Amino acid sequence: MGGVVPGGAKPELNKTGSWRSLRPMWDEEKCIQCLQCWMHCPDGSIEIKEEKVTGVDYDHCKGCGVCAGICPVDAIDMVPEGGAECAR
Ligand code: SF4
Ligand code: SF4
């Protein structure tokens with residue numbers, strides 16, 4: 001068994017998205033852009049552009065659910081991987 005490599009070290013070699021059993025689905029309509037999810041994601045997998053959330057980096061998101069738990073307006077739902085329509 002290999003050790004855990006920090007997600008930011010070599011992103012291209014360390015796509016950890018396959019570990020995930022739950023996928024965060026971000027709802028742009030509900031999002032109030034407070035950036036709490038971005039600040040608390042342990043894997044830096046919340047994508048932002050010009051200080052606004054634009055989506056989730058599914059190549060590296062491990063599906064921990066921290067973002068969904070911290071979102072004040074329930075704009076992120078955790079859904080079973082493979083059992084829901086994927087945003088991309
Ligand atoms: S589920 Fe976890 S790893 Fe994925 S975006 Fe949310 S906080 Fe980050
Ligand atoms: S925590 Fe929720 S409301 Fe705040 S930026 Fe993230 S998705 Fe949007």
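How many salt bridges does the structure hold? The structure holds 4 salt bridges, a salt bridge being a side-chain nitrogen of Lys or Arg within 4 Å of a carboxyl oxygen of Asp or Glu.

This is a predicted model, in which local features need pLDDT of at least 70 and side-chain atom pairs count only at pLDDT 80 or more, while totals for chains, interfaces and linings use all residues. Residues are numbered from 1 along each chain as its sequence is written, chains are lettered from A and ligands numbered from 1 in the order in which they are written, and side-chain values use heavy atoms, with hydrogens and water left out.

**Salt bridges**

Among the salt bridges are these:

| Pair | Closest N and O atoms |
|---|---|
| Arg20 and Glu81 | 2.6 Å |
| Asp43 and Lys62 | 2.3 Å |

Arg23 lies in strand β1 and Glu81 in the segment after β4, so this pair ties together parts that are 58 residues apart in sequence. Helices (H or I, at least four residues) and strands (E, at least two) are DSSP runs, numbered from the N terminus. Asp43 sits in the loop between α1 and β2 (46-49), and Lys62 in the loop between β3 (52-56) and α2 (66-70), 19 residues apart. Shared partners join Arg20, Arg23 and Glu81 into one network of salt bridges.

The next values describe how much of each residue is accessible. Buried means under 20% relative accessible area, exposed over 50%, and partly exposed in between (1.4 Å probe, protein chains only). Arg20 is buried, at 9%, and Arg23 is buried too, at 8%. Asp43 is partly exposed at 21%, and Lys62 is partly exposed at 24%.

**The ligand**

Ligand 1 is surrounded by 14 residues, of which the closest are Cys41, Cys61, Cys64, Gly65 and Cys67. A residue counts as near a molecule if one of its heavy atoms lies within 4 Å of it. The shell has 9 nonpolar, 3 polar and 2 charged residues. Ala, Val, Leu, Ile, Met, Phe, Trp, Tyr, Cys and Pro count as nonpolar, Asp, Glu, Lys and Arg as charged, and the others, Gly among them, as polar.

**A surface patch**

Trp38, Met39 and Ile48 make a nonpolar surface patch of about 280 Å². Patch residues have over 30% relative accessible area and no salt bridge; nonpolar side chains (Val, Leu, Ile, Met, Phe, Trp, Tyr) are joined within 5 Å, and like charges within 9 Å. Met39 belongs to helix α1 (residues 36-40) and is partly exposed, with a relative accessible area of 49%.

Conventions:
Accessible areas come from the Shrake-Rupley method with a 1.4 Å probe; for residues, only the protein chains shown count as cover.
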